[in-house]
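The points are grouped by topic.

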Amino acid sequence: EALGLFTGIGLSEAKARETLRNGALSALLRQAVLQARNVLGPALDKATGTLLYNAAARLRDPKHLGFLVGYIARRQILTDLQLSGTVRHRDTPPGPGGEGRAPLLTPALSPAALEYLRSHPLEPLDTADFEQACGVGVCVTPEQIEEAVEAVIGQHRAELLAERYHFNMGLLMGEARSRLRWADGKTIKNEVDLQVGARAAGQAPCGVVSPVGAVPGVRPAGLDSMITHVLPCRLLGLARSGRCCSPEHPLPTGENYKTEGYVVTPNTMALLKQHLAITGGQVRTRFPPEPNGILHIGHAKAINFNFGYAKANGGVCFLRYDDTNPEKEEEKYFTAIREMVEWLGYQPYAVTHASDYFDQLYTWALELIRRGQAYVCHQKVEEIKGHNPPPSPWRDRPVEESLLLFEDMRKGKFGEGEATLRMKLVMEDGKMDPVAYRVKFTPHHRTGDKWCIYPTYDYTHCLCDSIEHITHSLCTKEFQARLRRRGFPPEAINNFCARVGVTVAQATMEPHLLEACAREVLNEQAPRAMAVLEPLKVTIINFPAPKALEVLVPNFPADESRGFHKVPFKPTVYIEETDFREEVDKGYKRLAPGQPVGLRHAGYVIAVQNVIKDASGRVIELEVTCTKSDVAEKPKAFIHWVSEPLACEVRLYERLFLHKNPEDPSEVPGGFLSDLNPDSLRVVCNAMVDSSVLSARPFDKFQFERLGYFSVDPDSEEGKMVFNRTVTLKEDPGKA
């Protein structure tokens, strides 16, 4: 029982067993976990588990454990900084000569929870003094972090310019934390990364600047452009790791040849001069999706990043389809991608394709072989997977032999998987000799059956940047989640991308951040309507008129100047099943026998007179009387309703996974597929919505009062509308 309790808070089984061997610690940790579960429920996240373990292990006086765990369980102590007053930066960069430096320990400027309890052994404790000592209720805003980091960088600007990437960034993080003692360390680190990267690139957040070569209609600069710039900076992964150009050159289009790893040849300066003559110093970016699927939220970040950066600097952005994998590409994806870019509010400077340059890419591949920098290999795909494959036995085959074999590949003399062309280099992530060409007997969407060999992403991507004279090769590590069809407005996605910002470190974003952005936009854009998901029939036996009444409902109750819509009000209305109970519990304020409720916008209060049930005892209808609101006693609650409604289907989406980090083996030992939420989609087939939405079109958005924000799905048809729930009205604090 104790082992399961301890692994349930994120301890590995080995650590849990080690803890069990310490009887005193086991008893305290068990007490802490059980107390926390009484407040938070049985599923405790790993961060809370870590705090509980540290509290049990490091608190000297056990009599204060319950007091401390209470603050952790109520989410008033959220970080180890609040608990212990010390944070460890594990990724302090090495020193100038590559030597390691000791991790930087940054003490808080006040004692924090554990130290406070050690220094105050007597009871009763002064809770206000304790909360002040460990930062309870303190909220550090992103703006405060930005200002603090900016000030610290300003103090060290000279050293940053002199030492560049050898500068110890831990120093900046430590000084920023000393200004904001309760700020989240990861947020400070991301802000340091962002601001240092921006200054290093003359406000370019990150990326590789100024590949050189040729543009369509201009004679290519030749392979020297690739050797001097592209192979070191793209194929060796500098762009993927967010390396920026030299800080001595503000917005340095064309002058990053001084960066680490850049190979300079006798032709370098002439090529850079040609490049600058063609671009005129203009910023050029590109968004290069693969046309093999519908775009996701990570693509939206990349779109914002590339189009937004170009726009902010008076530049242009290309939309380039990376169409090098004909097996998976379809016309519908080409169309959908462009529509999505324009939906987000951007217009490409030019629409190009990697296949536009297949002839040039093939010519350059031949040149690589002639220079001894590429070879034909016969290792199987499974043999060269991963980062530590065995060296190719064909790596040192004669140049002439590789040229003949590559020509045989082009002529279709090898089957798929029998031969590849590989480049002689090690990428920054450790990948050895990446594949440049492979055999695929699949006709291409644009070039037909001209080719049976196709270039890979690793080879093509950087060279296309060079051909198009892209000045800033900005790359993002995308994260996935479908968007548009659920009703997320483009403004919300753009706002989310702006809030996420750019950092050279891979980051995981909480879904609720995107949902919050959606609520902000939809609250202003989505007119109100009323819908009932689980209808319960209500008959008003003293309806005040011989025929239906019309009720005016404001489209936006907070601003009635934005108009009204009409809904019918008849003797039969429908309410949510959950808005009626036969027995009243303490705190329940909705409809029950002896407890009337108001009908929103109708101006009437209803009271139950008779409850009608079916043979199984299930309530199927209520008979009620109504009274004008201005003469009735004020009810405890007002509920939504529909009358003469439209039938509709409603799709209720929830989080796809049960845990916050489904790929964390300590949280989900069975792997992420074992963590799928069986209720991530619930379809309500017999919902009802008021007739004001009758003329709505696909992707129109509404706020269904008391339920959430919904979007009309393209599956809607005459007589049966379909709505997708985009987000609920408020974030559920119980969600992981």
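The structure holds 20 aromatic pairs, where rings of Phe, Tyr and Trp (its six-membered ring) pair if their centres lie within 6.5 Å, with planes under 30 degrees apart counted as stacked, over 60 as edge-to-face and the rest as tilted. This is a predicted model, in which local features need pLDDT of at least 70 and side-chain atom pairs count only at pLDDT 80 or more, while totals for chains, interfaces and linings use all residues. Residues are numbered from 1 along each chain as its sequence is written, and side-chain values use heavy atoms, with hydrogens and water left out.

**Aromatic pairs and charges over rings**

- The pair formed by Phe 657 and Phe 672 is edge-to-face, because the ring centres are 6.2 Å apart and the planes stand at 75°.
- Both Phe 657 and Phe 672 lie in the loop between strand 22 (646-653) and strand 23 (681-689), so their pair ties together parts that are 15 residues apart in sequence. Strands (E, at least two residues) and helices (H or I, at least four) are DSSP runs, numbered from the N terminus.
- Phe 657 counts as partly exposed at 24% relative accessibility, and Phe 672 counts as partly exposed at 38%. In these terms, buried means under 20% relative accessible area, exposed over 50%, and partly exposed in between (1.4 Å probe, protein chains only).
- The rings of Phe 704 and Phe 710 are stacked, because their centres are 4.5 Å apart and their planes are at 20°. Phe 704 is buried at 0% relative accessibility, and Phe 710 is buried with a relative accessible area of 1%.
- A cluster linked by ring pairs contains Phe 358, Tyr 362, Phe 406, Tyr 437, Trp 451, Tyr 454 and Tyr 459.
- The charged end of Arg 562 sits over the ring of Phe 556, 3.6 Å from its centre; Arg 74 has its charged end over the ring of Tyr 71, 4.8 Å from the centre. A charge sits over a ring if NZ of Lys or CZ of Arg is within 6 Å of the ring centre and within 35 degrees of the ring normal.

**Loop between strand 22 and strand 23**

- Asp 679 is found in this loop, between strand 22 and strand 23, and is exposed, with a relative accessible area of 52%.
- The C-alpha atoms of Asp 679 and Leu 652 are separated by 9.0 Å, although these residues are 27 residues apart along the chain.

**Antiparallel sheet and its helix**

- An open sheet of 4 strands has the order 7-8-9-10, with antiparallel pairing; two strands pair if DSSP finds at least two bridges between them.
- Strand 7 and strand 10 (453-455) are the edge strands, each pairing on one side only.
- From one strand to the next, the twist averages 20°. Axes are lines fitted to C-alpha atoms, for helices over the stretch in contact, and angles run from 0 to 180 degrees between N-to-C directions.
- Strand 7 (residues 374-377) pairs with strand 8 over 4 bridges. Across this pairing, Val 376 stands opposite Leu 421 and Cys 377 stands opposite Thr 420.
- Strand 8 is joined to strand 9 (residues 435-439) by 3 bridges, and the bridge partner of Leu 421 in strand 9 is Tyr 437.
- In a regular strand the side chains alternate between the two faces of the sheet. From strand 8 (residues 420-423), Thr 420 and Arg 422 point one way and Leu 421 and Met 423 the other way, and all are buried.
- Helix 18 (residues 399-410) lies across strand 7, strand 8, strand 9 and strand 10, and runs at about 60° to strand 7.

- Another open sheet has 3 strands in the order 4-5-6, with parallel pairing.
- Its edge strands are strand 4 (284-287) and strand 6 (350-353).
- Neighbouring strands of this sheet are turned by 30° against each other on average, direction ignored.
- Strand 5 (residues 316-321) pairs with strand 6 over 4 bridges, and Phe 318 has Ala 350 in strand 6 as its bridge partner.

**Nonpolar cores**

- The largest nonpolar core has 35 residues, of which Leu 29, Leu 52, Leu 68, Ile 77, Leu 83 and Phe 130 touch the most other members. A nonpolar core is a set of buried Ala, Val, Leu, Ile, Met, Phe, Trp, Tyr and Cys residues joined through side-chain atoms within 4.5 Å.
- Elements giving two or more residues to this core include helix 3 (23-40) and helix 4 (46-58).
- A second, separate core of 32 residues includes Leu 425, Tyr 454, Cys 462 and Leu 463.

Terms used
Contact = heavy atoms within 4.5 Å.
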